[in-house]
Structure formats: C-alpha cells, structure tokens
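Student: I would like to learn how to read a structure feature by feature. Where do we start?

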Amino acid sequence: MHAPVPSVTVASGPRLSHLAGLDGLRALAIAAVFVYHAAPAAAPGGFLGVSLFFTVSGYLIGSLLLAEVEGTGRVDLGRFWARRGRRLLPALLLTLAAVTLLATRLPVPSGFRGEALAALGYVANWHAVWAGLDYADLFATPSPVAHLWSLAIEEQFYLVFPVLVAAVVARGGSPRSRLAALAAAGCAASLAAQLFTDDRALGYYGTHVRAAELCAGVLLATSCRPGTRVGGRWRAAVTLAGAAGLAATTALVLAVDLGDGWLYQGGFTALGGLWAVLVLACAASPLSVVLGWGPLAAVGRVSYGLYLAHWPVIVWLDEQRTGVDGFELFLLQAFVTAGVAALSYHLLEQPVRERRIPRRPAQALPALGVAFGVAFAVVAAAPAATRHNPLAIEAASGPVAFPVPTSLPLAPGTLPPAAPDA
C-alpha cells in the first residue's frame with residue numbers, strides 16, 4: 001500500500017510512473033509514527049503519520065483505477081484485488097505468525113487472541129470499536145497487533161471503493177469527472193459522519209469516519225496524474241504550497257495531542273486536504289526531487305514492512321529485556337525494525353508481488369541474522385513465568401511497562417471537551 005500515465009495493457013494491468021517523492025513522503029510518515037510509539041513525548045502528534053498514509057494510498061489507488069478505466073473502459077475487480085492481495089497479504093501473514101509464536105513466551109494483554117483474529121480478517125478497527133478501546137490503551141497495556149487497525153481501514157476501502165467506481169463508470173460519461181464526483185461525495189459523507197459521531201472509539205477507528213482522508217487522495221488523482229509537471233507561476237505556487245505543507249506537518253507532529261477536540265470535529269478531514277497538498281507537490285513540483293533523495297526514498301519503499309514490524313519490536317524489545325534505555329533503546333528498536341523490514345521486502349514482499357524467486361537472497365542475510373538473533377535473545381531473556389503463559393494471559397509480573405504520553409484522550413464513548421490509522 002508508486003509524464004502521463006502509460007498505456008494500460010489487459011495482460012499486466014495499469015502501470016504508473018514511479019514517484020520517488022512519494023516514497024520520501026512515506027518515509028516521513030513512518031518516521032512520525034515510529035517516534036510517536038517509541039518516544040511519545042518527543043512527537044505527540046506522530047500518530048498523524050497514519051492519516052498521511054491514508055491520503056497517499058488514496059491517491060495511488062485512485063490513479064490506478066482511473067488509468068485502468070481510461071485504458072480499458074472498465075475496472076477488472078478480480079485483478080485489482082489480486083494485486084492488492086499480493087502486495088499486502090504475505091507480509092501481514094508473516095507478521096501475525098511471528099507475533100503469535102512469540103506471544104506464547106512473551107506477555108500479551110488478555111484480548112490478544114481476538115485482536116489477532118480481527119487483524120487476520122482485516123476488521124481490527126471494528127474490533128477496537130466493539131471492545132470500546134481507546135487508542136491510549138496502546139500505551140497502557142500494549143498489544144503487539146494493536147497498530148493493525150489502520151490496515152483494516154485501507155483494506156475495507158480497497159474492497160468497497162473499486163466496486164463503486166465500476167458502478168459509476170458503467171453509466172457512461174467522463175470517467176475522470178465521475179470518479180471526482182464519487183470521491184467528493186465520499187469526503188462529504190465521511191465528514192458528516194465525523195461531525196455526528198459521539199463515540200470516541202468510533203470517531204477514531206470507524207472506516208466511514210476516516211474514509212475522507214483516503215477520498216482526498218482519490219480526488220487529487222482525478223486532477224493530477226502521477227508524473228504531471230506544471231510550469232510558470234503554477235509551478236512556483238505548488239512548490240511554495242508543498243514547502244508550507246511540510247512546515248505545517250512538522251508543527252502538527254510536534255504539537256498536536258490525540259485528545260485535541262478539533263481532530264474529531266472535521267479535523268481529520270481537513271488534514272486530508274493538507275496531505276493532498278503534499279502529494280501534489282511530490283507529483284508536480286521540484287519538491288519531489290528533495291523528498292526523492294535516495295536514502296529517504298529507500299526508507300519509504302520499505303515503509304509497509306517498517307509499519308508492520310515496528311510496534312511488536314517496541315512492545316517486546318523494552319528496557320527490561322535489553323538493559324538499555326533512552327536514546328540507546330530507541331536506536332536499537334529502530335535498527336531491529338529496519339532489519340526485519342528489509343528482510344520482508346527483499347525475500348517476501350517483492351518476490352511475491354513480482355511472482356519471482358529471489359535471485360540474490362544473500363543480500364538480505366545480514367538483516368535476517370540481526371532480526372532473528374535479537375528475537376531469540378528477547379525470548380531467552382523472558383521471565384520463566386512468561387514463557388509458559390498461554391495466549392491471551394497477562395504476564396505474571398503484570399503488564400508491560402511503557403511510557404505514557406503526558407496528555408491522554410478521554411475515556412471511550414465521550415468526546416473531548418472542545419467538541420479518528422495508519
């Protein structure tokens with residue numbers, strides 16, 4: 001969950017120009033999320049990185065659907081879902097298998113089994129709503145699969161939205177204008193749902209509430225093809241808007257709190273507009289060169305694996321098991337997460353996506369050694385009482401210690417006084 005769009009061929013499906021700037025944008029998003037989870041006081045608004053992921057995904061999926069419709073006159077739903085499955089399922093299944101195995105020897109919250117099954121079925125966000133979970137529970141009693149709620153929202157969108165696109169384009173007319181109308185209607189409906197939702201868990205985890213952030217990306221795709229270049233004053237304006245957007249994003253990540261009421265009263269929808277400006281700058285301005293800087297883009301290309309791996313690593317590779325804390329612990333967690341993500345990308349994700357056997361698996365062996373070496377060390381260091389704990393049982397020593405942000409949201413079922421994944 002990437003010039004004009006090349007011609008679409010029925011055999012291989014639509015192809016889009018690769019935008020290194022979007023890879024860089026993904027890198028910034030995953031960095032914000034990682035810092036928020038590993039050191040929440042340093043970036044209290046880092047959870048907004050998930051929102052940015054939503055809009056980037058909406059833009060790419062909207063571009064793919066539009067390219068296919070303009071090239072073939074229809075949407076091949078089977079091929080679309082097969083491509084999404086090859087891209088997303090293998091790494092998720094590996095993550096769930098590894099986490100479930102480790103959970104037999106390491107502490108997990110009492111609801112772990114249900115959370116893992118919900119993540120497997122891509123309904124983790126609705127499981128959180130049903131259980132009345134607040135996102136702050138992530139820090140109080142951390143579950144190694146709690147972060148998978150955002151993947152559930154994206155997959156539900158990928159399941160429903162292409163069907164709607166196929167239905168509206170079948171009626172004739174301009175595919176671009178029809179897709180734009182559909183995306184605009186989605187934004188409006190999602191905003192209305194956000195404004196009239198009183199339940200806090202539903203306001204954060206609900207697919208219908210967070211869909212506006214995805215639809216904002218789709219709406220942008222109808223007016224800006226990947227690889228489009230603008231000239232003259234428009235080029236300068238887009239570049240300036242993108243730079244301002246990056247500055248605003250930095251300020252939000254450093255200042256916004258999860259309990260801020262404005263987020264739940266249209267704020268997430270408004271943020272979708274801000275992210276669309278950043279995506280536009282990456283697609284049509286010189287800012288794409290800056291964000292497409294090699295090392296930054298490389299991080300963005302493995303951002304999916306980074307997202308999957310980072311939270312279990314943070315939960316279990318803690319101060320108690322490693323004997324280090326502070327910045328040293330942060331670097332260790334980042335290093336191990338990067339190793340796992342590189343391994344997943346080179347040996348699993350790309351081979352499955354391209355339907356090939358890895359030609360040079362030895363390139364990922366260092367990452368393999370680091371990831372599994374640390375994993376075994378963590379298991380070996382687990383207290384004896386923990387090792388024999390069955391799934392869904394608290395560790396004998398109590399819940400995992402984890403830093404809690406200085407300002408936490410209200411209890412589930414209530415809105416912040418002033419009145420939401422990546």
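Tutor: We start with helix packing, and with a cut-off: angles under 35 degrees between N-to-C directions count as roughly parallel, and those over 145 as roughly antiparallel. Keep in mind that this is a predicted model.

Student: At what angle do helix α1 and helix α15 pack, and how far apart are their axes?

Tutor: The angle between α1 (residues 20-38) and α15 (residues 303-316) is about 5°, and the axes lie 10 Å apart. The two helices are therefore roughly parallel to each other.

Student: Which residues make that contact?

Tutor: On the α1 side they are Arg26, Ile30, Val33, Phe34, His37 and Ala38. From α15 come Ser303, Leu306, Tyr307, His310, Trp311 and Ile314. By class, the contact has 8 nonpolar, 3 polar and 1 charged residues.

Student: How many helices and strands does the whole chain have?

Tutor: The count is 19 helices and 0 strands. Of the 422 residues, 53% count as buried. The chain exposes about 17200 Å², and carbon and sulfur atoms supply 68% of that area.

Student: How should I read a nonpolar core?

Tutor: The general idea is that in soluble globular proteins, nonpolar side chains tend to be buried together. In this model the largest nonpolar core has 98 residues, and Phe47 and Tyr59 touch the most other members. Helix α2 (residues 48-72) gives the most to this core, with 13 residues.

Student: What does Phe47 touch, beyond residues up to four places away in sequence?

Tutor: Its partners are Tyr36, Tyr135, Tyr204, Val256, Asp257, Leu258, Leu263 and Phe268.

Student: Is Leu258 buried or exposed?

Tutor: Here the cut-off is needed: a residue is buried if its relative accessible area is under 20%. Leu258 has 4%, so Leu258 is buried. Leu258 lies in the loop between α11 (232-255) and α12 (267-284). Leu258 and Tyr204 are 54 residues apart in sequence, while their C-alpha atoms are 9.7 Å apart in space.

Student: And where is Leu263?

Tutor: Leu263 also belongs to the loop between α11 and α12. With a relative accessibility of 0%, Leu263 counts as buried.

Student: What about Ser344?

Tutor: Ser344 sits in helix α17 (residues 326-354). Its relative accessibility is 9%, so Ser344 counts as buried. Apart from neighbours within four places, Ser344 is in contact with Ala91 and Glu349.

Student: Finally, how do I read a backbone phi angle?

Tutor: Most residues other than glycine have a negative phi. The case to look at here is Tyr122, whose phi is near 55°, a positive value. Tyr122 is in the loop between α4 (112-120) and α5 (124-131). At a relative accessible area of 13%, Tyr122 is buried.

Conventions
Residues numbered from 1 in each chain as written. Predicted model: local features only at pLDDT ≥ 70, side-chain atom pairs only at ≥ 80, totals over all residues. Heavy atoms only, no water. Helix = DSSP H or I, 4+ residues; strand = E, 2+ residues; numbered from the N terminus. Buried < 20%, exposed > 50% of the residue type's maximum accessible area, 1.4 Å probe, protein only. Contact = heavy atoms within 4.5 Å. Core = buried A, V, L, I, M, F, W, Y, C linked by side-chain atoms within 4.5 Å. Axes fitted to C-alpha atoms, helices over the stretch in contact; angles between N-to-C directions. Parallel < 35°, antiparallel > 145°, perpendicular 65-115°, else oblique. Nonpolar A, V, L, I, M, F, W, Y, C, P; charged D, E, K, R; others polar. Areas by Shrake-Rupley, 256 points an atom, 1.4 Å probe, with all protein chains shown as cover.
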